[in-house]
Structure formats: structure tokens, C-alpha cells
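Please keep the sequence and the structure in view while reading.

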Amino acid sequence: DELADVPLNWSQGQIAKGEAGPSYVYDLLSDKNISEERMERIKWSAASFYGAGADTVCVSQRLCPFDLA
């Protein structure tokens, strides 16, 4: 659960500070009446996107030096 909490908590913090840009989580959290079940779905789907994006960045950073050569 801790890994899934990171992206959601970060997004909620950005929203609370008024610093959030448009995003998947921002759009979903714009609804003020979110059930606990829906919040769990938002949390886990955001964690999936976060993990997929992190993996893509790592792969592209490893390949970039070879592409530039």
C-alpha cells in the first residue's frame, strides 16, 4: 500500500497547495464526493501509471547515450 500511496499523496499535496497542473488524478479528485472504494481505485490506477512512467524513463535514459553516439 505504501508504494501506491506515494503518487496519490503527492498529487493531493499539489492540489492542496494550488500547484497542481492538469493530470489524471487531478481530474478524478475534482469530484468532491468520492467514495472510499473509488478512492482506492484512483490510488491504484495512479500507482500503475506512475510505475509505468518510471520504468519508461529509466529505459529511455539508458538508451539515450547510445542514440546520441
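## Overall fold

Read from the N terminus, the elements of the chain follow the order α-α-α. The chain therefore has three helices and zero strands, counting DSSP runs as elements. The model is a predicted one, and the values below are computed from it.

Of the 69 residues in the chain, 19% are buried, while the accessible surface comes to about 5400 Å², with 58% of that area belonging to carbon and sulfur atoms. When contacts between residues at least 6 apart in sequence are considered, 44% of them join residues at least 24 apart.

## The nonpolar core

Six residues form the largest nonpolar core, namely Leu8, Val25, Leu28, Leu29, Ile42 and Ala46. Two or more residues of this core are given by each of the elements α2 (24–29) and α3, and the largest share, three residues, comes from α2. In soluble globular proteins, nonpolar side chains tend to be buried together.

Leu28, one of the core residues, touches Ile34, Arg38 and Ile42 when residues up to four places away in sequence are not counted.

## Lys43 in helix α3

Lys43 lies in helix α3, which spans residues 36–68. Is Lys43 buried or exposed? Because its relative accessible area is 7%, and buried means under 20%, Lys43 counts as buried.

Leaving aside neighbours within four places in sequence, Lys43 is in contact with Asp1, Ala4, Asp5 and Leu8, and Leu8 is also a member of the largest nonpolar core. The side chain of Lys43 is joined to that of Glu40 by a polar contact of 3.3 Å.

Methods:
Residues are numbered from 1 along each chain as its sequence is written. This is a predicted model: local features need pLDDT of at least 70, side-chain atom pairs count only at pLDDT 80 or more; totals for chains, interfaces and linings use all residues. Side-chain values use heavy atoms; hydrogens and water are left out. Helices (H or I, at least four residues) and strands (E, at least two) are DSSP runs, numbered from the N terminus. Buried means under 20% relative accessible area, exposed over 50%, partly exposed in between (1.4 Å probe, protein chains only). Contact means heavy atoms within 4.5 Å. Accessible areas come from the Shrake-Rupley method with a 1.4 Å probe; for residues, only the protein chains shown count as cover. A polar contact is a pair of N or O atoms within 3.5 Å; within protein, one must be able to donate a hydrogen and the other to accept it, and residues adjacent in sequence count only if both atoms are side-chain atoms. A nonpolar core is a set of buried Ala, Val, Leu, Ile, Met, Phe, Trp, Tyr and Cys residues joined through side-chain atoms within 4.5 Å.
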